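Here is a short report on one structure. Please have the sequence and the 3D view open as you read.

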Amino acid sequence: MYNNLNVIVLAAGLGTRMRSRVAKVLHRAGGITLIEHVLRAAIQLAPAANIYVVVGHQSEEVQQAAANFGVRFLLQQEQRGTAHAVLTCREALGDDPGDVLVLYGDCPLLSADVLRRLVDAQRDSAAAAMVLTTGAVDPTGYGRVLLNADGSLKAIVEEKAATEEQRRIREINSGIYCFDGPKLWSHLAEILPDNPAGEYYLTDIVEVLQRHGHSVRPLHWGNASELLGINTRIELAEADGVLRARKSRELMLGGVTIENPETATVDLDAVIGADTLLQPFVQIRGASRIGENCLVGAGAIVEDSVIGDGVEIGPYTLVIKARVEAGARVGPFARLRPESTVEEGAEVGNFVELKKTRLGAGSKALHLSYLGDADIGRDVNVGAGVITCNYDGRRKHPTHIQDGAFVGSHSTLVAPVEVGQGSYVGAGSVITDEVPPDSLALARARQVIKEGWAKRRRKEP
């Protein structure tokens, strides 16, 4: 980290080109919001107390997204341009003599390395400011960089104000600056809103500083994709693709097999152990943790869940905020809802749904069952079509199935109810009362047969 460095992250805008009611910095790439990407880079350069996030549109939501970083938030009541946003921080910084690094909250590919290079370049120079620039194949929409004969920055010309000749320039302003703090604060208020939008543009600081005899220098960065902000959904999708490709590469180099990696969706915060296999069209979301030697089948979705070693997740299975312990098998076409746990060696089969349920070690529920608000012990067999009736229209009620019990197919357990250790529930039973340990429970009507009835029915006129 750097001493005497303050970081300002501009995150107040809505982002009209996104065509969204959601503030631009709250859109996601690689599974996290754009503002989180920028703060992850910034926090490697300066302590949280020295990072200021300027918020405006949906300020509460932006603060919530960035709350875990411990940074400071400043409200820009009226969005009147980038220079106005930076000026919002003036009072909070007081007389701090440190350098000021200005970032935008919509740059998800920004790395700490490029920011270090910028800060180092500014501190090694006598310049009042250093501007990060890059070359763009298509510079449309970006401010063009004009240089003096000595290589210093002459001006940054916004596209709307550029001449035809200037628009052919491909060197563009990234919008990322490192300032000598005292010089910035001495002259920032001199920027005027003399432009068609009537806003205070931070790019005008170049002309202001030069007017006072201060030099502003560019720092060219060759990888343009790291610097460019997100303005449209197309650019958001492109950034998301870059981030996920990086993540897949990182996982594969770490020993994970990904079949058809271009189809995998793995969020940046996911952790996956060696010798695990991800089949095509898998989605690993949020902060999921998957152990070693697992199989995640085609089309499966694992979100914010913990998966132990040697687990098999069958194709098209959903595991959401749940836990699956070592050696367990889940799916295909199963659904584990939040707060569910499948313990070691247990099996959840096709079209089985668990909601806030513990399935004990070695237990099995293999076909077409719904188990909600249930606590199921070890070595229990849950037959096909078993359901726990956990909701009475107003409240949820628990079901307890003790170790070694056998629940026959198509049984209905009306909660609250308990099935004792080692007991049997006959197939097709509707259980409303406690089943004692080591007993047999039958709760169904006796079968009645009327011989010849069908034949006589067919003869009726």
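Which residue in β4 does Val9 stand opposite? The residue is Val53. Keep in mind that this is a predicted model.

## Strand β1 and its partners

Strand β1 covers residues 5-11. Two strands pair with β1. One is β4, residues 51-55, joined in the parallel sense over 5 bridges. Val9 and Val53 face each other in this pairing.

The other is β6, residues 99-104. β6 also runs parallel to β1, with 6 bridges between them. Within β6, Val100 is the bridge partner of Asn6.

## Two faces of β1

In a regular strand, side chains alternate between the two faces of the sheet. In β1, Leu5, Val7, Val9 and Ala11 point one way. Asn6, Ile8 and Leu10 point the other way.

Are these residues buried or exposed? Residues on both sides are buried. The count for β1 is 7 of 7. Buried here means under 20% relative accessible area.

## Thr388 in β34

Thr388 sits in strand β34, which spans residues 387-389. Its relative accessible area is 2%, so Thr388 is buried; the cut-off for that term is under 20%.

What does Thr388 touch beyond four places away in sequence? Its contacts are Tyr370, Leu371, Gly372, Ala374, Thr399 and Leu413. With Gly372 there is also a polar approach: a polar side-chain atom of Thr388 lies 2.8 Å from the backbone nitrogen of Gly372.

Note on methods:
Residues are numbered from 1 along each chain as its sequence is written. This is a predicted model: local features need pLDDT of at least 70, side-chain atom pairs count only at pLDDT 80 or more; totals for chains, interfaces and linings use all residues. Side-chain values use heavy atoms; hydrogens and water are left out. Buried means under 20% relative accessible area, exposed over 50%, partly exposed in between (1.4 Å probe, protein chains only). Helices (H or I, at least four residues) and strands (E, at least two) are DSSP runs, numbered from the N terminus. Two strands pair if DSSP finds at least two bridges between them. A polar contact is a pair of N or O atoms within 3.5 Å; within protein, one must be able to donate a hydrogen and the other to accept it, and residues adjacent in sequence count only if both atoms are side-chain atoms. Contact means heavy atoms within 4.5 Å.
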